[in-house]
Amino acid sequence: MADRPDRTGGFQPGNPTGTNAEADRLKELVAPAVAAKELYLEDVEVRTAGTQRTVHVIVDLPEDRVGGVGLDTIAELSQVLSKILDEDPHDAGDPYDLEVSSPGVSRPLTEPRHWRRNLGRLVRAKVIDGEDVTGRLLEVREDGVTLRPQLAVRKGMKPKEGDPVELAFGNIRSGKVEIEFTQLDEELAAAEQRGELENEED
């Protein structure tokens with residue numbers, strides 16, 4: 001989930017369209033604050049709509065930690081980053097919105113660290129040469145991954161598992177996490193225990 005505090009600030013004069021260069025500059029600007037929270041800076045995106053700019057900062061947990069980034073951590077980081085952007089020495093005085101979020105399960109698996117963060121999950125890999133594979137992510141190596149395929153069965157039957165399949169990153173066109181409702185319920189319960197979910201009051 002994203003925290004979206006409204007702020008006024010601005011960006012480098014002469015860069016009105018929120019180009020990649022501006023996003024890269026802001027990424028360097030906010031990186032130390034993200035690291036201080038023991039988080040990984042996934043990306044910084046700059047979007048524009050007329051004179052309004054939106055800075056979207058995407059953070060994640062390090063590879064060696066499980067779970068997701070808690071809402072309290074997102075809120076705390078948003079306050080810190082708002083101050084940094086307000087004090088940006090290249091501030092041109094234009095308004096902007098700040099969004100801070102963590103990646104969801106819908107994020108494409110485009111880097112080895114994305115795969116490592118999803119060890120044990122059910123994933124679907126579309127390959128360049130061969131058949132696509134949907135299976136349990138067993139291992140992530142420097143050059144590829146190992147999946148235990150889920151074999152097609154009749155509707156209503158429990159999926160069967162095949163022999164492990166090794167895929168090289170160079171042969172993977174795209175990858176994504178497959179939603180498992182049983183596992184999702186377990187993860188929501190664990191997140192609630194960690195205080196990562198908002199409490200709703202009647």
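This report describes salt bridges in a predicted model.

## Salt bridges in the model

The structure, which is a predicted model, holds 15 salt bridges. Among them is the contact between the side chains of Arg-25 and Asp-88, where nitrogen and oxygen lie 2.9 Å apart. This pair links distant parts of the chain, since Arg-25 belongs to helix α1 (residues 20-36), while Asp-88 sits in the loop between α2 (71-86) and β4 (95-101), 63 residues apart. Both Arg-25 and Asp-88 are buried.

## Arg-107 and Glu-42

Another salt bridge joins the side chains of Arg-107 and Glu-42, with a distance of 3.1 Å from N to O. Arg-107 is found in the loop between β4 and α3 (112-116) and Glu-42 in strand β2 (residues 40-49), so the pair ties together parts of the chain that are 65 residues apart in sequence.

Arg-107 counts as buried because its relative accessibility is 14%, and the cut-off for buried is under 20%. Glu-42, with a relative accessible area of 12%, is buried as well.

Arg-113 and Asp-60 are both buried.

Which residues are linked in a network of salt bridges? The network consists of Glu-42, Asp-60, Arg-107, Arg-113 and Arg-117, and it therefore includes the residues of the Arg-107 and Glu-42 pair, which ties together parts 65 residues apart in sequence.

Key: Residues numbered from 1 in each chain as written. Predicted model: local features only at pLDDT ≥ 70, side-chain atom pairs only at ≥ 80, totals over all residues. Heavy atoms only, no water. Salt bridge = Lys/Arg side-chain N within 4 Å of Asp/Glu carboxyl O. Helix = DSSP H or I, 4+ residues; strand = E, 2+ residues; numbered from the N terminus. Buried < 20%, exposed > 50% of the residue type's maximum accessible area, 1.4 Å probe, protein only.
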